[in-house]
Amino acid sequence: MSKRALVTGVTGQDGSYLAEHLLGQGYQVWGLIRGQANPRKSRVSRLASELDFVDGDLMDQASLVAAVDSVQPDEVYNLGAISFVPLSWPQAELVTEVNGMGVLRMLEAIRMVSGLSTSRTAAPDGQIRFYQASSSEMFGKAAETPQRETTLFHPRSPYGAAKAYGHYITRNYRESFGMYAVSGMLFNHESPRRGQEFVTRKISLAVARIKLGLQQELALGNLDAVRDWGYAGDYVRAMHLMLQQEESDDYVIGTGQMHSVRDAVAIAFDHVGLDWRDHVVVAPELVRPAEVEVLCADSARAQVRLGWKPEVEFPELMHMMVDADLEQVARETRMGELLAGTW
Ligand code: NAP
Ligand code: G4F
């Protein structure tokens with residue numbers, strides 16, 4: 001019989017890749033959909049046509065209990081979150097509710113549907129396995145480089161602080177109730193499906209528009225920030241592997257390669273034969289109240305225990321994103337011209 005998976009955040013970058021990956025592995029997959037007439041539902045349906053949906057919101061405990069109860073999943077992947085770090089300063093309470101308390105609500109939904117009492121210390125066989133989308137933002141002002149599972153947390157944003165709560169409460173449910181609960185401490189991962197507000201996609205889209213003569217300038221914040229950027233398609237394989245082990249544990253996932261925002265800009269502009277210095281301007285308002293300067297993963301545990309390794313290198317990733325945006329912008333421009341009758 002095929003396994004059943006419930007994925008929150010299915011309309012996001014990772015959710016869409018994970019749904020495709022699980023369907024490819026023969027799973028039946030349900031995506032949790034929030035809101036009335038969520039416009040991103042049809043987009044993910046186009047990418048993964050066999051995907052089913054169930055209503056729910058990480059802000060609403062009863063909806064999560066109903067979703068878990070109706071799907072009866074073998075595995076729950078909690079990818080739902082407000083994932084854009086800068087939004088977490090002006091909307092700190094909301095981000096804490098969704099990204100922190102939302103994890104607790106999903107764990108509680110699993111505990112209740114599984115019939116685990118709060119005084120029980122061992123979960124029964126056939127339990128629901130849980131994956132939490134933790135983040136390298138928890139390391140923040142990192143105590144050591146590279147960062148591994150044991151590196152101290154020093155979050156630098158309300159987003160990072162909420163993710164740290166989600167991380168610890170996941171571990172706590174594992175230790176308290178014997179739940180198979182895993183935290184994937186993932187470093188930045190990107191793709192052509194990345195939201196346009198994140199720096200790699202902001203760059204790839206701007207490069208495409210500048211190359212096609214639709215834009216002149218790209219305003220960015222801190223060009224010196226260093227990240228460990230990988231490809232989202234590689235990272236969802238790691239999420240799945242984490243739930244297939246004999247015992248649950250936490251894993252750092254990243255490439256171990258460091259690049260600055262300036263490197264990302266240079267690679268992207270160079271790919272289309274342009275000099276970034278002619279187009280990039282620094283906008284002080286895009287610099288964050290507290291920055292995470294350097295992130296770099298030590299994924300040795302995942303490589304040894306899960307047999308996981310990334311396949312796409314950073315320059316290839318940036319090229320993939322620029323090429324996809326060149327195609328998309330050209331298509332949209334043609335459509336716009338057709339509608340205006342000028343083509
Ligand atoms: P994303 O593209 O921004 O997607 C976020 C998803 O969360 C969307 O599907 C959104 O659905 C959903 N969501 C937001 N609020 C919700 C709520 N109240 N209830 C239920 N769902 C809600 O993010 P991503 O890049 O795929 O990241 C997936 C997860 O990994 C997130 O938890 C993120 O924090 C974490 N993470 C990401 C990275 C990375 O580099 N990408 C690294 C480490 C950790 P709607 O369509 O309803 O808005
Ligand atoms: O692309 P970013 O916005 O990603 P950030 O803040 O690292 O967060 C992403 O990765 C986390 C994992 O480490 C996830 F948990 C989180 O959900 C999200 O997916 O910014 C990357 C860097 C930052 O240092 C930022 O200051 O790029 C710098 N940057 C410079 N100019 C910019 C810009 N970031 C954005 N978004 N826009 C700019 O114009």
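Mentor: Gladly! Let us begin with a cut-off: a residue is buried when its relative accessible area is under 20%, exposed when over 50%, and partly exposed in between. Keep in mind that this is a predicted model.

Trainee: Is R227 buried or exposed?

Mentor: The relative accessible area of R227 is 7%. The limit for a buried residue is under 20%, so R227 is buried.

Trainee: Which residue does the side chain of R227 meet in a salt bridge?

Mentor: Side chains of opposite charge can pair when their charged atoms come close. For R227 the N to O distance is 3.8 Å, and a salt bridge needs a nitrogen within 4 Å of a carboxyl oxygen. The pair links distant parts of the chain, 90 residues apart, from strand β9 to the loop between β5 and α5. The partner in that loop is E137.

Trainee: Which residues are linked with E137 in a network of salt bridges?

Mentor: E137 has a relative accessibility of 7%, so E137 counts as buried. The network of salt bridges links E137 with R227 and E291.

Trainee: What does S157 touch, leaving aside residues up to four places away in sequence?

Mentor: S157 lies in the loop between β5 (129-135) and α5 (158-177). At 5% relative accessibility, S157 is buried. The residues that S157 touches are V85, S88, W89 and E137.

Trainee: Which elements do the buried residues of α8 pack against?

Mentor: Helix α8 spans residues 261-271, and its buried residues are V261, A264, V265, I267, A268 and F269. An α-helix has 3.6 residues a turn, so residues three or four places apart point the same way. The buried residues of α8 pack against α6, β8, β12, β13 and α10.

Trainee: Which residue forms a salt bridge with R262?

Mentor: R262 has a relative accessible area of 33%, so R262 is partly exposed. In its salt bridge, the N to O distance is 2.8 Å. The pair links helix α8 to the loop between β8 and β9, 38 residues apart. The partner of R262 is D224.

Trainee: Which residues form the positive surface patch that includes R40?

Mentor: R40 sits in the loop between β2 (28-33) and α2 (41-47). A patch takes residues with over 30% relative accessible area, and R40 has 41%, so R40 is partly exposed. The positive surface patch is formed by R34, R40, R43 and R46.

Key:
Residues numbered from 1 in each chain as written. Chains lettered and ligands numbered in written order. Predicted model: local features only at pLDDT ≥ 70, side-chain atom pairs only at ≥ 80, totals over all residues. Heavy atoms only, no water. Patch = residues over 30% accessible without salt bridge, like charges linked within 9 Å, V, L, I, M, F, W, Y side chains within 5 Å. Areas by Shrake-Rupley, 256 points an atom, 1.4 Å probe, with all protein chains shown as cover. Lys, Arg positive; Asp, Glu negative; His and termini not counted. Charge placed at Lys NZ, Arg CZ, Asp CG, Glu CD. Helix = DSSP H or I, 4+ residues; strand = E, 2+ residues; numbered from the N terminus. Buried < 20%, exposed > 50% of the residue type's maximum accessible area, 1.4 Å probe, protein only. Contact = heavy atoms within 4.5 Å.
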